[in-house]
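Please look through the structure below, and then follow the paragraphs from its domains down to a pair of helices.

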2 protein chains.
Amino acid sequence: MTSSRPWVDDGNVALFTDLYELTMMQAYVEQGFDEAATFSLFVRKLPARRNYLVAAGLDDVLRYFETVRFDRAAIDHLATLGQFNDRFLRRLEDFRFTGDVRAVREGTPVFANEPILEVTAPIAEAQLAETFVMNQVHLQTVLASKGARMVRAAEGRAVVDFGPRRMHGTDAALKAARAFHIAGLTASSNVLASRIYGTPATGTMAHSFIQAWEREADAFRAFVALYPNTVLLVDTYDTLAGVRKVIDLARELGDDFKVRAVRLDSGDLAGLAHESRALLDQAGLDSVQIFASGSLDEDAIAAMLADGAPIDGFGVGTKMGVSEDAPSLDIAYKLSAYGGQGRLKLSTGKPVLPGHKQVWRSEQGGRFDGDVIGRAEEDRPGMPLLEPVMRGGERLPGGHVALDDVRAYCREQIGRLPDAVQALAPADPPYPVRVSDALRTYQSEVRRRVESVPA
Amino acid sequence: MTSSRPWVDDGNVALFTDLYELTMMQAYVEQGFDEAATFSLFVRKLPARRNYLVAAGLDDVLRYFETVRFDRAAIDHLATLGQFNDRFLRRLEDFRFTGDVRAVREGTPVFANEPILEVTAPIAEAQLAETFVMNQVHLQTVLASKGARMVRAAEGRAVVDFGPRRMHGTDAALKAARAFHIAGLTASSNVLASRIYGTPATGTMAHSFIQAWEREADAFRAFVALYPNTVLLVDTYDTLAGVRKVIDLARELGDDFKVRAVRLDSGDLAGLAHESRALLDQAGLDSVQIFASGSLDEDAIAAMLADGAPIDGFGVGTKMGVSEDAPSLDIAYKLSAYGGQGRLKLSTGKPVLPGHKQVWRSEQGGRFDGDVIGRAEEDRPGMPLLEPVMRGGERLPGGHVALDDVRAYCREQIGRLPDAVQALAPADPPYPVRVSDALRTYQSEVRRRVESVPA
C-alpha cells in the first residue's frame with residue numbers, strides 16, 4: 001500500500017517510529033506491563049570538536065506528546081503488517097501520552113552523560129516516543145551546537161543561515177532555522193521558518209539573476225531600483241570588476257544609492273575582501289559592507305578574521321547545515337527505571353546511569369565551574385538544570401517558552417562557560433562533570449541486583 | 001507571527017525556499033523577464049570515498065512541480081516581509097509550474113558534472129524551485145549512494161536501516177527509507193515509510209524490553225510467545241550468556257521454537273559472532289541466524305566479513321543515516337540557458353556547462369566503459385541518460401516510476417559499472433567522463449560572449 005503524501009505531519013507522526021517500538025508496545029500490553037518507566041535522553045560522548053552541546057528540540061517533543069494519535073489510516077496500515085492483534089490495535093485508537101517530562105531548558109549548554117530530558121510514563125507510551133524524541137532532540141542539538149561555533153567564530157559579526165538546499169530534507173532545514181536562532185545566528189534564508197517561527201528571513205540575489213542579463217551592471221541597476229538597500233552579489237564573472245560596477249552605480253545614483261553590502265561568494269575571500277574594501281573606501285563608500293559566503297565553516301571564518309579580513313557578515317550554508325565535522329551525536333534514550341526500580345544494561349561500552357537524575361551546575365564569580373549528575377532526590381548545592389515541563393501529558397508553565405527568550409538565555413548561558421570551553425579549540429581540561437557518590441552507589445546497587453538474578 | 005504547525009507539507013511547501021528566490025522572482029516579473037530559462041542540477045565533485053552516486057529524489061521533485069501553490073496564508077506571510085508589492089503577491093495566487101523537466105532515471109549511477117536533471121521553464125518558476133529541488137535530490141542522492149556501499153559491503157547478506165532516530169529530522173528519515181530501498185537495502189525500521197512507500201518494515205525488540213523484566217530469560221520467553229519467529233537481542237547484560245538463554249529456550253520449546261535470529265549490538269561483534277555461532281551450532285540450532293548492529297558502516301561490515309565473521313545480516317543506523325563520511329555533496333542548480341542563449345558564470349572554481357545537455361553512456365561486453373557529457377542535440381553513440389519526464393507542468397510517462405522498478409533498475413545498473421567503480425575503495429583511475437568537443441566549443445563561445453560584453 002502506498003500513499004501519495006510524502007510528508008510527516010500531525011496526522012501520521014504516530015507511525016514515525018521504529019517497528020520494534022510497536023512490537024514491544026504490544027508485548028507490554030499483552031503481558032500487563034503498565035507501570036511507570038523512566039527513559040533518560042543523553043549524549044554518551046561529545047564529538048572531538050565540541051566542548052559543549054546546546055540542548056534544543058524540547059518544544060517539538062512536548063508538542064508530539066500533546067498531539068500524538070493513531071488515526072484510522074494508521075491503524076489500518078498496522079493491521080496489514082501481520083504482527084498486531086485486534087485488541088492491541090483497538091487500544092491504539094485511544095492512545096494518549098499521559099506521562100511526565102523533566103528537561104533542561106532549551107538553549108542550555110550540556111555535556112556528556114547529562115540527561116537532556118527524562119520521560120516517566122506507562123512504559124508503552126514512553127517506548128513509542130523513542131524514535132521521534134531522539135530524532136528531534138538529536139537534530140536540533142547537533143545544529144544549535146554547530147551554529148554556536150559560527151557565532152563564536154564571527155566575533156559579533158552577522159552570521160546568516162544559507163543552508164536549506166543541502167540540509168537533510170525539509171524538516172531539517174525548518175528546524176535548523178529554529179536551532180540556529182537559538183544559537184544566536186542573525187537570520188536565515190528560510191522563508192517558511194520565518195512564517196512558522198518568526199525567525200528573521202534574509203536574502204537578495206543569486207548568480208542566476210546576474211546571468212539572466214546581458215550586462216552585470218544592468219542587473220545591479222535593475223535590482224537596486226526595486227530593492228534600494230540590498231546586497232549585491234559581485235563574483236559572477238570577476239569579483240573586483242563587479243565591485244567597480246557597484247561603485248559606478250553609486251556615482252550614477254548619487255544620494256539615491258543605498259546599497260547595504262556587496263557579497264563575495266568564491267575565490268580567495270579574505271584577499272578579495274581586502275581589495276574590495278580598498279576599492280570601496282577609495283570611492284568614499286565606506287558604509288557599504290562586505291559579506292562573504294561559499295563553503296564557510298567556523299574554521300574558515302576564524303582564519304579570515306585572524307587575518308584581518310574586512311568582512312562584516314557571513315553566509316554559511318552546507319558545512320553548518322549538515323554539521324559536516326560531526327553530523328551525528330552518540331545520543332541515547334535509555335530505560336533507567338521501571339516499576340519504581342532503577343534499571344540499567346551492562347552492554348559493553350554503553351553504561352547507563354539508573355533512576356531519576358538531576359544535574360547541578362555550580363558557579364564561581366559568575367562563571368560555571370562544574371556539574372554533578374546525581375539522583376533527582378539529592379539535596380545538593382548548585383543550580384538544578386532539569387525542571388518539570390509536562391505532567392500527565394499536559395505542558396506545565398516551564399514547558400512553554402518563547403523562542404526569543406530561549407535565544408537570549410542560550411547566549412547568556414554560553415557566556416558563563418569557562419573561556420576555554422567557549423573557544424573553538426578543544427578545551428583541555430574539558431569542562432568538569434562528575435557523577436555524585438549517591439548515584440554511583442545506586443548504580444552499583446542496581447548493577448548488583450541485575451547481576452544477581454539467577455539465569 | 002508564529003504558527004504552531006512545525007511541518008513542511010503540501011499546504012506550505014511553496015514557502016520552503018530561500019528568500020532570494022522570491023526577491024529575484026519579483027525582479028524578473030517587474031522587469032518582464034519571462035523567457036524560458038534552463039537550470040542544470042549536477043554535482044561538481046564526488047566525495048573522496050564515492051566512486052559513483054546513485055541519483056534519487058526525482059519523484060519528489062516532480063510531485064512538487066505538480067502541486068506547488070501559494071495559498072492565502074503564504075501570501076499573507078510574504079506581505080509581512082515588506083519586500084513584495086501587491087502586483088507580485090497577486091500573481092503568486094495563480095502561480096503554477098508550467099515547465100519541462102528532463103532527468104536521468106532514479107537509481108542511475110551518475111558522476112561529477114553530469115546533469116541529474118534540467119528544468120526549462122519561465123525563469124521565475126524555475127528559480128523558485130531551486131531550494132526544494134536541490135534539497136530533495138541532494139538528500140536522497142547522498143543516502144542512496146551511501147546505502148549502495150552497505151549493500152556492496154554485505155555481499156548479499158541482509159542490510160536493514162535502523163537510522164530514523166539519528167537522521168536529520170523526520171523528512172530525512174522518511175526519504176531515507178525510500179533512498180535505501182532504491183539502493184537495495186533489505187528493509188527499514190521506519191513504519192511510516194512502509195505506509196507511504198510500501199517499503200518492508202522490520203524490527204523486534206530493544207534493550208528496554210529486556211530490562212523491564214527481572215530476568216532476561218523471562219523476557220525472551222514472553223516475546224517469543226507473542227512473536228514466535230522473532231529476532232532476540234542478546235547483549236543487554238552478557239552476550240554469550242544471552243545466547244545460552246536462547247538455547248535453553250529452544251530446549252524448553254522443542255518444535256515450537258521458531259526464533260529466526262539473535263542480534264548482537266555491542267562489544268567485539270566479529271568475535272562474539274564466532275562464539276555465538278559455535279554455541280548455537282553445538283546446540284543444533286544452525287538455523288538460528290546471527291544479526292549484528294551497533295555503529296556499523298561499510299568498512300566495519302567489510303572488515304568483519306573479511307575476517308570470516310558468521311554474520312547473516314546487519315542493522316545499520318547512524319553512520320549510514322547521516323552519511324557520516326560524506327554528509328553533503330557539492331551539488332549545484334545553475335542557470336545554463338536563458339532566452340535561447342547559453343549562460344555561465346565565471347566564478348573561480350565553479351565552472352558551469354552551458355545550454356541543454358545530455359549524457360551518453362557507452363558499454364562494452366555488458367559493462368559501462370565511459371560517459372560523454374554533450375549538447376542535447378548532438379547525435380552520439382551510447383545510451384542517452386536524460387529523458388523527458390515532465391512537459392508543461394504535467395508528468396510524462398517516463399516521469400512515473402514504481403519504486404520497486406527503480407530498485408531493480410538501480411541494482412542492474414550498478415552491476416554494469418566496472419568492478420573497480422563498484423568497489424568500496426577509490427577507483428584508480430576513476431570512471432571516465434569527458435565533455436564532448438561540441439560542448440567544449442559551445443562553452444568557449446558562451447564564455448567569449450559573456451567576456452566580450454562591455455562593462
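Domain bounds are taken from an automatic or database domain assignment. For chain A, that assignment gives domain 1 (13-143 + 330-424) and domain 2 (145-321), and the centres of these two domains, taken over C-alpha atoms, are separated by 37 Å. This is a predicted model, in which local features need pLDDT of at least 70 and side-chain atom pairs count only at pLDDT 80 or more, while totals for chains, interfaces and linings use all residues. Residues are numbered from 1 along each chain as its sequence is written, and chains are lettered from A and ligands numbered from 1 in the order in which they are written.

Where the domains of chain A touch, 19 residues of domain 1 are in contact with 21 residues of domain 2, contact being counted when C-beta atoms, placed from the backbone, lie within 7 Å. On the domain 1 side, α15(A) gives the most, with six residues; helices here are DSSP runs of H or I with at least four residues, and strands are runs of E with at least two, numbered from the N terminus.

Helix α15 (residues 403-415) of chain A and helix α7 (residues 169-183) of chain A have axes that come within 7 Å and cross at roughly 45 degrees, the axes being lines fitted to C-alpha atoms over the stretch in contact, with angles from 0 to 180 degrees between N-to-C directions. That makes α7(A) oblique to α15(A), because angles under 35 degrees count as roughly parallel, over 145 as roughly antiparallel, 65 to 115 as roughly perpendicular and the rest as oblique. In this contact, Arg178(A), His181(A), Ile182(A) and Ala183(A) of α7(A) meet Leu403(A), Val406(A), Arg407(A) and Cys410(A) of α15(A).

How values were computed:
Contact = placed C-beta atoms within 7 Å.
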